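Okay, thanks everyone, I'll keep this short.

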Amino acid sequence: MKTQITAFAATLFFALNVQAADAVSSATVKVNVEGTEMPANVDAVTSASVVPEAYRQAVKPNGFTREGNKVRVLFVVGDPRHESVEWDLVNTAMKHFMDKGCEVELRDLYAIGWNPVITRETFFQAKDGFGKTPKDVAVEQLMVAPADYIVFAYPNWHDTPNAMVKGYMERVFQKQFAYRDTDKGLEGLMKGKAFYTIMNCGWIGRGRGGLGDGIDKNPIWDKYLTAFKTLDDDTAGFWGMTSLGRFCNDQTPANASKNYGKEIEALRADLVKHLDKTFKYTK
Ligand SMILES: Cc1cc2nc3c(=O)[nH]c(=O)nc-3n(C[C@H](O)[C@H](O)[C@H](O)COP(=O)(O)O)c2cc1C
């Protein structure tokens, strides 16, 4: 009898203990389906960047004429918040290219309701070029075809192009448009074009610019930028394009900084310097 009571107590203790452990274990997935109230002043309390209204710039692209000999720059932007620092960098770059005499076209992927997903129905068209090109893809291919430079712009959401931009790459730069099979293997069809990336980041080792531009030559910065370069060079090679690298930044002014004006101007100037080092503005 005594043995039975001891065994029962031990089982009960184990069960309670397991339940308690389960309640606090990090192995237990806790899903936040209830959520909390969205604060009315979300722009003031968010950890995301918000350019104060006084410093925001609205830039209207001048569009491609499709004639003449001007350099054409297509911006493909995946960022839902027009008040972000990412968009400020896009606006800065678009304005600078226009100031330099280039034609600028903008695809604001959230604004146009871009669908980034290859489905079962569209898979073989994207993979092999079989069948009709979907209308939304055909429209984008008409934008890409005349461009000399393509600027992909997205905030760093887990170190890769975000879903909108990645889906643009997957669907628009498809077989028979961006590359094709030959007896000798794949051939890129985008020869003569180059792409560049503008990516605002939370933290990638502290820096602003490209490879080698980390603060105090921080090796972590170069590790990230080397990884991005590997991706970019591979993608560019696939399409027969040149990769012009990236402008990355993890030194965003604090939203409430007293020196916001000076700090955002310095960031814009660093981007412009990087553009001047990287691009030719005439043919
Ligand atoms: C879903 C998500 C994932 C993120 N992942 C990273 C990351 O891997 N590395 C990083 O540096 N920042 C990451 N961030 C932080 C953003 O890059 C950071 O907020 C940055 O300021 C974005 O630029 P923006 O404020 O101009 O939009 C992430 C943000 C979100 C929303």
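So, who touches whom where α3 meets α8? On the α3 side we have D88, L89, T92, A93 and H96, and on the α8 side they meet I264, R268, L271, V272 and L275. Sort that contact by class and you get six nonpolar, two polar and two charged residues. Keep in mind that this is a predicted model.

Now the geometry. α3 covers residues 85–99 and α8 covers residues 260–278; the two pack at an angle of about 50 degrees, with their axes 10 Å apart. An angle between 35 and 65 degrees counts as oblique, so α3 is oblique to α8. As for the hand, the crossing of these two, α3 and α8, is right-handed.

How many residues of α3 are buried? It's 12 of 15, so to speak a mostly covered helix. The buried set opens with the run V85, E86, W87, D88, L89, V90, N91, T92, A93 and M94, and then H96 and F97 are in there as well.

And what do those buried residues pack against? Besides α8, there are strands: β1 at 72–77, β2 at 103–108, β3 at 149–153 and β6 at 194–200.

Key: Residues numbered from 1 in each chain as written. Predicted model: local features only at pLDDT ≥ 70, side-chain atom pairs only at ≥ 80, totals over all residues. Axes fitted to C-alpha atoms, helices over the stretch in contact; angles between N-to-C directions. Helix = DSSP H or I, 4+ residues; strand = E, 2+ residues; numbered from the N terminus. Parallel < 35°, antiparallel > 145°, perpendicular 65-115°, else oblique. Left-handed = near helix turned anticlockwise from the far one by under 90°. Contact = placed C-beta atoms within 7 Å. Nonpolar A, V, L, I, M, F, W, Y, C, P; charged D, E, K, R; others polar. Buried ≥ 20, exposed ≤ 12 C-beta atoms within 10 Å, placed from the backbone.
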